[in-house]
Amino acid sequence: MGPLKSGVKENKKRKRVNTNPGVGVDFKKVKHKVGKRLPRAQNETNTNFSAKTINLPSQGVKDDKEGATNYHNLTLKELLAQTSHYSDKPRKQALVGLGDLFSRYPNELRAHVG
């Protein structure tokens with residue numbers, strides 16, 4: 001009787017494997033070779049981009065300003081605007097810049113004071 005029971009169990013195992021034939025067909029595991037580069041994924045997004053520069057010579061940052069400027073190339077109007085800044089460092093730099101501007105161009109002080 002022993003051999004009959006083991007044969008029945010083997011038949012049940014075979015039936016379980018063959019009952020659902022579609023399982024595992026879509027998602028087969030790909031075995032990779034050692035030392036080979038992995039292939040790119042099918043849904044991989046290309047994130048490369050290229051940028052080009054635009055040269056606008058008329059809008060240069062270091063343009064020479066007309067009239068009296070201090071050592072930071074700031075005019076009297078710009079320095080006066082900085083004196084009302086909320087932070088203390090730009091206010092102090094504006095006052096130092098005004099001192100430098102009036103030491104370089106004393107006639108500017110006379111023209112604007114009276």
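Is Q93 buried or exposed? At 55% relative accessibility, Q93 counts as exposed, where exposed means over 50% relative accessible area, buried means under 20%, and partly exposed covers what lies in between (1.4 Å probe, protein chains only). Before we walk further, a word on what you are looking at. This is a predicted model, in which local features need pLDDT of at least 70 and side-chain atom pairs count only at pLDDT 80 or more, while totals for chains, interfaces and linings use all residues. Residues are numbered from 1 along each chain as its sequence is written, and side-chain values use heavy atoms, with hydrogens and water left out.

Let's start with the overall layout. The chain has four helices and zero strands, so its elements read α-α-α-α from the N terminus on; helices (H or I, at least four residues) and strands (E, at least two) are DSSP runs, numbered from the N terminus. Of the 114 residues in the chain, 11% are buried. The chain exposes about 11500 Å², and carbon and sulfur atoms supply 54% of that area; accessible areas come from the Shrake-Rupley method with a 1.4 Å probe, and for residues only the protein chains shown count as cover. Among contacts between residues at least 6 apart in sequence, 35% join residues at least 24 apart, a contact meaning heavy atoms within 4.5 Å.Now to the loop between α1 (2-19) and α2 (76-82), which is where K33 sits. With a relative accessible area of 64%, K33 is exposed. On the surface, K33 gathers with K29, K31 and K36 in a patch of positive charge. Patches are made of residues with over 30% relative accessible area and no salt bridge, with like charges joined within 9 Å and nonpolar side chains (Val, Leu, Ile, Met, Phe, Trp, Tyr) within 5 Å. Lys and Arg count as positive and Asp and Glu as negative, while His and the chain ends are not counted. The place of a charge is taken as NZ of Lys, CZ of Arg, CG of Asp or CD of Glu.

Charged side chains also pair up. How many salt bridges does the rule give? The count comes to two, a salt bridge being a side-chain nitrogen of Lys or Arg within 4 Å of a carboxyl oxygen of Asp or Glu. One of them joins the side chains of R40 and E44, at 3.2 Å from N to O. R40 is exposed, with a relative accessible area of 70%, whereas E44 is partly exposed at 46%. In the salt bridge between D100 and R104, the closest N and O atoms are 3.4 Å apart. Both D100 and R104 belong to helix α3 (residues 88-104), where they lie four residues apart, about one turn of the helix. D100 counts as buried, at 17% relative accessibility, and R104 as partly exposed, at 45%.

D100 and R104 turn up again if you look at N70. This asparagine lies in the loop between α1 and α2 and is buried, with a relative accessible area of 3%. Leaving out residues up to four places away in sequence, N70 touches L79, G97, D100, L101 and R104.

What is the phi of N73, which is not a glycine? N73 has a positive phi of about 65°. Most residues other than glycine have a negative phi. N73 is partly exposed, with a relative accessible area of 25%.

T75 is found in that loop between α1 and α2 too. At 17% relative accessibility, T75 counts as buried. Not counting residues up to four places away in sequence, T75 touches K65, A68 and T69.

Which residues does L76 contact, leaving aside neighbours within four places in sequence? They are A68, L98, L101, F102 and H112. Take L98 as an example: it is 22 residues from L76 in sequence, yet the two C-alpha atoms are 7.2 Å apart in space.

That brings us back to Q93, the residue we began with, which is found in helix α3. Q93 and T83 are ten residues apart along the chain, and their C-alpha atoms are separated by 8.5 Å.
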